[in-house]
Amino acid sequence: MEASSCSKAEPFVLQVLGDSMIPEFQDGVVIVIDPEGVVRDGAYVIALHNEEYTFRQYRLYEGKHFLAPLNDLYETVEIPGPQVIKGVVVQQAGKRRKDRKFY
């Protein structure tokens, strides 16, 4: 199957690399991303920032948009808005989200 035959709206999986999202997401865990998921404050997201994809928690504070790691050793970065979000995490391997509740 060619990559071009997949719908942009189809959920996809990624493997977490590194420790920026511990303790909730360990290095190597598999997460399911919904590209049409609802982006709201507190959601775990995949975003395109500085020409790289990153996995962070989306935060909205006083009208400003941020990508925040869970591990305090990493920096929170400001983004222009939710348009850089490419999908919302809806599940991680072994942990189904109840009622499609977003992280």
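F25 is buried, with a relative accessible area of 0%; buried here means under 20% relative accessible area, exposed over 50%, and partly exposed in between, with a 1.4 Å probe and protein chains only. The model is a predicted one, in which local features need pLDDT of at least 70 and side-chain atom pairs count only at pLDDT 80 or more, while totals for chains, interfaces and linings use all residues. Residues are numbered from 1 along each chain as its sequence is written, and side-chain values use heavy atoms, with hydrogens and water left out.

The ring of F25 has a partner in Y44: the two form an edge-to-face aromatic pair, 5.0 Å centre to centre with 75 degrees between the planes. Rings of Phe, Tyr and Trp (its six-membered ring) pair if their centres lie within 6.5 Å, and planes under 30 degrees apart count as stacked, over 60 as edge-to-face and the rest as tilted. Because F25 lies in the loop between β1 (12-15) and β2 (30-34) and Y44 in strand β3, the pair ties together parts that are 19 residues apart in sequence. Y44 is also buried, with a relative accessible area of 9%. Ring pairs link F25, Y44 and F55 into a cluster, and the count of aromatic pairs comes to three.

The chain as a whole has zero helices and eight strands. Helices (H or I, at least four residues) and strands (E, at least two) are DSSP runs, numbered from the N terminus. Of the 103 residues in the chain, buried residues make up 36%. Contact means heavy atoms within 4.5 Å; among contacts between residues at least 6 apart in sequence, 47% join residues at least 24 apart.

Strands β3 (residues 44-49) and β4 (residues 52-61) run antiparallel and are joined by six bridges, where two strands pair if DSSP finds at least two bridges between them. In this pairing V45 stands opposite R56 in β4. Two residues separate β3 and β4 in their hairpin, and N50 in the turn has a positive phi of about 55 degrees. Strand β4 also runs antiparallel to β5 (residues 64-68), with five bridges between them. Here Y61 stands opposite K64 in β5. This hairpin likewise has two residues between its strands, and E62 in the turn has a positive phi of about 50 degrees.

On a 1 Å grid over the protein atoms alone, a cavity is a set of points where a 1.4 Å probe fits but cannot get out, and a pocket is an open set with protein on both sides within 12 Å along at least five of seven lines; lining residues have an atom within 4 Å of a point. β4 gives the most to the lining, with four residues. Residues of the lining include L14, S20, I31, F55 and R56.

S20 is found in the loop between β1 and β2. At 11% relative accessibility, S20 counts as buried. Leaving aside residues up to four places away in sequence, S20 touches F55, R56, P69, L70, N71 and Y74. Among these, F55 also belongs to the aromatic cluster with F25 and Y44.
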